[in-house]
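Subject: Structure for you to look at

Hello,

Please find the structure below, followed by notes on what was found in it.

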Amino acid sequence: MQAPDAEPPVAATALADEGAAEASLGETIPRLREILGPGTVCGG
Amino acid sequence: MFHSILVAVDGSPDAEQALTEAIDLAEGDRARLTLITAVSQLPPTAYLAAGADFGKLFEDAHAEAEAILRRARERVPDDVAVRWVLSEQPIRAALAQQIVDGGHDLVVMGSRGRGAVRAALLGSVSHYVLHHSPVPVLIVHADPERRLASSAPVSRGRTAADRRPVHAGA
């Protein structure tokens, strides 16, 4: 049984999406720098 | 004299005109130009829609933002130092953060974005930036008269009023 003040569980799909987004970001920045020159992607 | 100009781009006519003005200022002042755009925020219902491929929606929004940056970058002459920022934050927060983090001394942005709904939303963004930015803001309209509004004189001895008719609001 979950304690009343415990953090709600995070859905596995949400964690998977987050991981995929970070991986995507790691690929996006070098690719865009190659096309556009110096710059950055700021995460949400 | 400006050293670092931040210009918000979203592909709208107003933003296109804002980029034109920003390039003009950057060339005149030999300032560095930073292009910023944000990935369109997906509505909360996108998470909930049955069968929706949220990853695909996010990728599409990202691709659209990247295309906007590419088109903007192509318009910047080679003699202007330029960099870019692609934010996954809402545009209002992205601009507020970048103004501070980037050490910019001028913000140039269109009055309104694309489409009726987005125009209203981004119009509120320009209004927000106009009233909260710690540095001067140049709000650009793309209407036939190319009206400009500015929160403050935008350069030494040269104001928006010298360049185009000025309106008092965003």
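Trp84(B) lies in strand β3 of chain B; helices (H or I, at least four residues) and strands (E, at least two) are DSSP runs, numbered from the N terminus. The model is predicted, so local features need pLDDT of at least 70 and side-chain atom pairs count only at pLDDT 80 or more, while totals for chains, interfaces and linings use all residues. Residues are numbered from 1 along each chain as its sequence is written, and chains are lettered from A and ligands numbered from 1 in the order in which they are written.

Is Trp84(B) buried or exposed? Trp84(B) counts as buried because it has 25 C-beta neighbours inside 10 Å. The cut-offs are 20 or more other C-beta atoms within 10 Å for buried, 12 or fewer for exposed, and partly exposed in between, with C-beta atoms placed from the backbone. Leaving out residues up to four places away in sequence, Trp84(B) touches Leu36(A) and Gly39(A) as well as Thr34(B), Leu35(B), Leu69(B) and Arg73(B). Contact here means that the C-beta atoms of two residues, placed from the backbone, lie within 7 Å.

The contact between the chains takes 13 residues from chain A and 15 residues from chain B. On the chain B side, α3 and β3 (82–87) each supply at least two residues. By class, that side has seven nonpolar, three polar and five charged residues. Ala, Val, Leu, Ile, Met, Phe, Trp, Tyr, Cys and Pro count as nonpolar, Asp, Glu, Lys and Arg as charged, and the others, Gly among them, as polar. Strand β1 (residues 39–42) of chain A pairs with β3(B) in the parallel sense over four bridges, where pairing requires that DSSP finds at least two bridges between two strands. Thr40(A) has Val85(B) as its bridge partner in β3(B).

**The core of chain B**

Which residues touch the most other members of the largest nonpolar core? They are Ile5(B), Val7(B), Ala22(B), Leu33(B) and Val108(B), in a core of 45 residues. The largest share, seven residues, comes from α1(B). Such a core is a set of buried Ala, Val, Leu, Ile, Met, Phe, Trp, Tyr and Cys residues joined through C-beta atoms within 7 Å.

Helix α1(B) covers residues 13–29. Its buried residues pack against β1 (4–8), β2 (32–38), α3 (54–75), β4 (106–110) and β5 (137–140) of chain B. Just after α1(B), Arg30(B) takes a positive phi of about 50 degrees.

β4(B) and β5(B) run parallel and are joined by four bridges, with Met109(B) opposite Ile139(B). From β5(B), Val137(B) and Ile139(B) point one way and Leu138(B) and Val140(B) the other, and all are buried.

**Confidence**

pLDDT is the predictor's confidence in each residue, from 0 to 100. Chain B has a mean pLDDT of 80, with 72% of its residues at 70 or more. Within chain B, confidence is highest in β1(B), at 97, and lowest in helix α6 (residues 160–163), at a mean of 42. Residues 155–170 of chain B stay under 50. Where pLDDT is low, the predicted coordinates should not be read in detail. For the complex, the predictor gives an ipTM of 0.71 and a pTM of 0.74.

Regards

Technical notes: The expected span of a helix is 1.5 Å times one less than its number of residues.
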